[in-house]
Amino acid sequence: MNGEVEVSLSDKPISNIQRGGVFGELLYFSQRLGPRTTTIQALGELTVIEIKSKALQVASPACQVSFQKAFMRVLINRLTEVNAKLAASR
């Protein structure tokens, strides 16, 4: 992603994702077909690359593992940030 987006939940901003970031990884891991849990809104000019989960499913095992590791790093970083915010608010 080249640009910046705002992430909101129930119409309340919860985070921004900067250049180089990713979104949609929760849907990839959960494989839910229901409604998305957050809204992503561009904060200016934005370029993204969409990677379909079906494309990853037919990719080589090494490619799949690389993407899964990258997505897990993103999730761990976000969880760490949320934990820090929660601890600071107490």
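User: Which residues is S8 in contact with, leaving aside its neighbours within four places in sequence?

Analyst: In this predicted model, S8 is in contact with P13, I14, T38 and T39. S8 itself is found in strand β1, which covers residues 5–9.

User: Why is S8 called buried?

Analyst: The relative accessible area of S8 is 12%. Buried means under 20%, so S8 is buried.

User: What makes E25 and R78 a salt bridge?

Analyst: The closest N and O atoms of E25 and R78 are 2.4 Å apart. The definition asks for a side-chain nitrogen of Lys or Arg within 4 Å of a carboxyl oxygen of Asp or Glu; therefore the pair E25 and R78 is a salt bridge. E25 lies in helix α1 (residues 25–30) and R78 in helix α3 (residues 61–88), so the pair ties together parts that are 53 residues apart in sequence.

User: Are E25 and R78 buried, exposed or partly exposed?

Analyst: E25 has a relative accessible area of 3% and is buried, the limit for that term being under 20%. R78, with 28%, is partly exposed, because this term covers values between the buried limit of 20% and the exposed limit of 50%.

User: How many salt bridges does the structure hold?

Analyst: The structure holds two. One of them joins the side chains of K52 and E50, at 3.0 Å from N to O.

User: How do you know that K52 and E50 are exposed?

Analyst: K52 has a relative accessible area of 52% and E50 has 62%. Exposed means over 50%, so K52 and E50 are exposed.

Technical notes: Residues are numbered from 1 along each chain as its sequence is written. This is a predicted model: local features need pLDDT of at least 70, side-chain atom pairs count only at pLDDT 80 or more; totals for chains, interfaces and linings use all residues. Side-chain values use heavy atoms; hydrogens and water are left out. Helices (H or I, at least four residues) and strands (E, at least two) are DSSP runs, numbered from the N terminus. Buried means under 20% relative accessible area, exposed over 50%, partly exposed in between (1.4 Å probe, protein chains only). Contact means heavy atoms within 4.5 Å.
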